[in-house]
Amino acid sequence: MKYLLLLLALAATPAAAQIAVEDAWIRATPPGAKTAAGYLVIRADAADRLVSVSSPAAERVTTHITVHEGDVARMREVKGYDVPAGGTLELKPGGAHLMFVNIKASFKEGDKVPLTLRFERAGELKTELHVGRLTDAAKHAH
């Protein structure tokens, strides 16, 4: 009887959402820079929401989108990002991105920047961004 109850309890418990982070990168920064933008791809098997981001490398990390108004592109802070079930969320230059505010030291090519992503359902995920060249335009090359 105990085993039957245990099996029923396990069957009623939803599996933890699987989140994967790929292609996480950030450009190197010039000396004295106070901000930097980070990019990555998030894959999820179940719908979730990225609700906050933090890093010991910056005072704070915020979620932004780029809004195009005519010929002008403006960044706007948003309250997180939805990640579709079985889909991807791509943070990339010219679109959604992570804004590192008041970085504590310049990011140098080849370094890694620690990052903690907090999801509504999946909880906390620690990862790191690879620092690419200051001139990297579209994608960090390893």
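So, aromatic pairs: how many does a search of the whole structure find? Two. Keep in mind that this is a predicted model. And a quick reminder before we look at them: you describe a pair of aromatic rings by the distance of the centres and the angle of the planes.

Okay, pair one is Trp-25 with Tyr-39. Their ring centres sit 4.7 Å apart, and the planes make an angle of 35°. Stacked means under 30 degrees and edge-to-face means over 60, so with 35° this pair is called tilted. Now, where are these two in the chain? Trp-25 belongs to strand 1, residues 19–27, while Tyr-39 belongs to strand 2, residues 35–44. So the pair ties together parts that are 14 residues apart in sequence. Both Trp-25 and Tyr-39 are buried, by the way.

On to the other pair, Phe-100 and Phe-107. Here we have 6.0 Å from centre to centre and 85° between the planes. That angle is over 60, so the pair counts as edge-to-face. Buried or exposed, these two? Buried means under 20% relative accessible area; Phe-100 comes out at 0% and Phe-107 at 6%, so Phe-100 is buried and so is Phe-107.

Last stop, Thr-66. You'll find Thr-66 in strand 4, residues 58–69. Its relative accessibility is 19%, and the cut-off is under 20%, so Thr-66 still counts as buried. What does its side chain reach? The backbone oxygen of Gly-95, at 3.1 Å. If you skip neighbours within four places in sequence, Thr-66 also has contacts with Ala-73, Arg-74, Met-75, Gly-94, Gly-95 and His-97.

Key:
Residues numbered from 1 in each chain as written. Predicted model: local features only at pLDDT ≥ 70, side-chain atom pairs only at ≥ 80, totals over all residues. Heavy atoms only, no water. Phe/Tyr/Trp six-rings, centres within 6.5 Å; stacked < 30°, edge-to-face > 60°. Helix = DSSP H or I, 4+ residues; strand = E, 2+ residues; numbered from the N terminus. Buried < 20%, exposed > 50% of the residue type's maximum accessible area, 1.4 Å probe, protein only. Polar contact = N/O pair within 3.5 Å; in protein donor to acceptor, adjacent residues only side chain to side chain. Contact = heavy atoms within 4.5 Å.
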